[in-house]
Amino acid sequence: MLRKRFGVDTSAGYACIGQGVFSEVRRGAWWTRPFLRLGSYRNILFPGQGRHIPFTIENYPYTDGLGRPTVTFVRTLELPRARKHRFDATMVHSAQRGGIVDYLGTRQHLATDLQLEVLDDGTLHLRTGALRFYEGPLAFTVPAIFTGTADLYEGYDDERGVFTVRMQVANPVFGFLFGYRGEFSCTFPPISDVGVPADLKPLREEIRE
């Protein structure tokens, strides 16, 4: 099931739409709130937290305007008494960097290489590398003290027939910043039938990887 979920691409001919519940969404100490709120303006992070939060995750494959194989990785959370919050990401295969580049946010102005490994129990572990900032003529690697490393773990519970997910973002100096855990189930609609919703694509595409 994990192979099917992460096998989404244009040649496979299907998307992956997950619906589930985060049993917990939490943030770090009080001083992380301004940092998380800043990230919410471009759908990267947000300062909310809570328990039993419904969410969707939408993975649609397409070829972007630069000719790169691309998959949306958009998570939408429905917090009580609050507007919906989204994490927007697009993953592209980069021949130049020899792997997957994960663009964060609505304008692809942040990019990171993904490191992937399969654990002994079959769980897929994705870890972000150094964060690169691209905006207009600016292009630089963000110092580690101003960012965080994200560790995402996805598995599949064969007995209950659900996917499991756990993620945390940590700073090398200040520690835990943000994280969530939960479970979800998926459908795999043919992309010829559903297309790629325009609001899941980034508002601009960044040529620099």
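Two residues are in contact when heavy atoms of theirs lie within 4.5 Å. Keep that cut-off in mind for the last stop of this tour, which runs through a predicted model.

**Stop 1: the whole chain**

Show the protein chain as a cartoon. Its secondary structure comes to three helices and 14 strands. The C-alpha trace spans about 45 × 40 × 40 Å along its principal axes. A compact globule of 209 residues would have a radius of gyration near 17 Å, and the chain, with 17 Å, agrees with that. Colour by accessibility next: buried residues make up 48% of the 209. Among contacts with a separation of 6 or more, 54% are between residues 24 or more positions apart.

**Stop 2: the largest pocket**

Rolling a probe the size of a water molecule over the atoms shows where empty space is left. Select I44, L45, L104, L110 and L131, the lining residues nearest the centre of the largest pocket. This pocket has a volume of about 820 Å³, and 34 residues line it.

Which element gives the largest share of the lining of the largest pocket? Select β10 (124-135): this strand supplies five residues, the largest share. Other elements that each supply at least two include α2 (33-40), β8 (99-104) and β14 (175-187). By class, the lining divides into 22 nonpolar, eight polar and four charged residues.

**Stop 3: the second largest pocket**

Now select F6, V8, V71, M91 and I100. These are the closest to the centre of the second largest pocket among the 21 residues that line it. The volume here is about 390 Å³. β3 (61-63), β4 (69-72), β7, β9 and β10 each supply at least two residues of this lining. Strands β7, β9 and β10 also each supply at least two residues to the lining of the largest pocket. The lining of the second largest pocket has 14 nonpolar, five polar and two charged residues.

**Stop 4: R68**

Select R68, in the loop between β3 and β4. Is R68 buried or exposed? Its relative accessibility is 7%. Buried means under 20%, so R68 counts as buried.

Show side chains and look for two polar contacts. One, of 3.0 Å, joins the side chains of R68 and Y103. The other, of 3.4 Å, joins the side chain of R68 to that of E209.

To finish, select what surrounds R68. Apart from neighbours within four places in sequence, R68 is in contact with Y62, T63, V92, Y103, Q108, E206, I207 and E209.

Technical notes:
Residues are numbered from 1 along each chain as its sequence is written. This is a predicted model: local features need pLDDT of at least 70, side-chain atom pairs count only at pLDDT 80 or more; totals for chains, interfaces and linings use all residues. Side-chain values use heavy atoms; hydrogens and water are left out. On a 1 Å grid over the protein atoms alone, a cavity is a set of points where a 1.4 Å probe fits but cannot get out, and a pocket is an open set with protein on both sides within 12 Å along at least five of seven lines; lining residues have an atom within 4 Å of a point. Grid points are joined across faces, edges and corners, and a volume is the space filled by probe spheres set on the points. Helices (H or I, at least four residues) and strands (E, at least two) are DSSP runs, numbered from the N terminus. Ala, Val, Leu, Ile, Met, Phe, Trp, Tyr, Cys and Pro count as nonpolar, Asp, Glu, Lys and Arg as charged, and the others, Gly among them, as polar. Buried means under 20% relative accessible area, exposed over 50%, partly exposed in between (1.4 Å probe, protein chains only). A polar contact is a pair of N or O atoms within 3.5 Å; within protein, one must be able to donate a hydrogen and the other to accept it, and residues adjacent in sequence count only if both atoms are side-chain atoms. The radius of gyration is taken over C-alpha atoms; the globule rule is 2.2 Å times the number of residues to the power 0.38.
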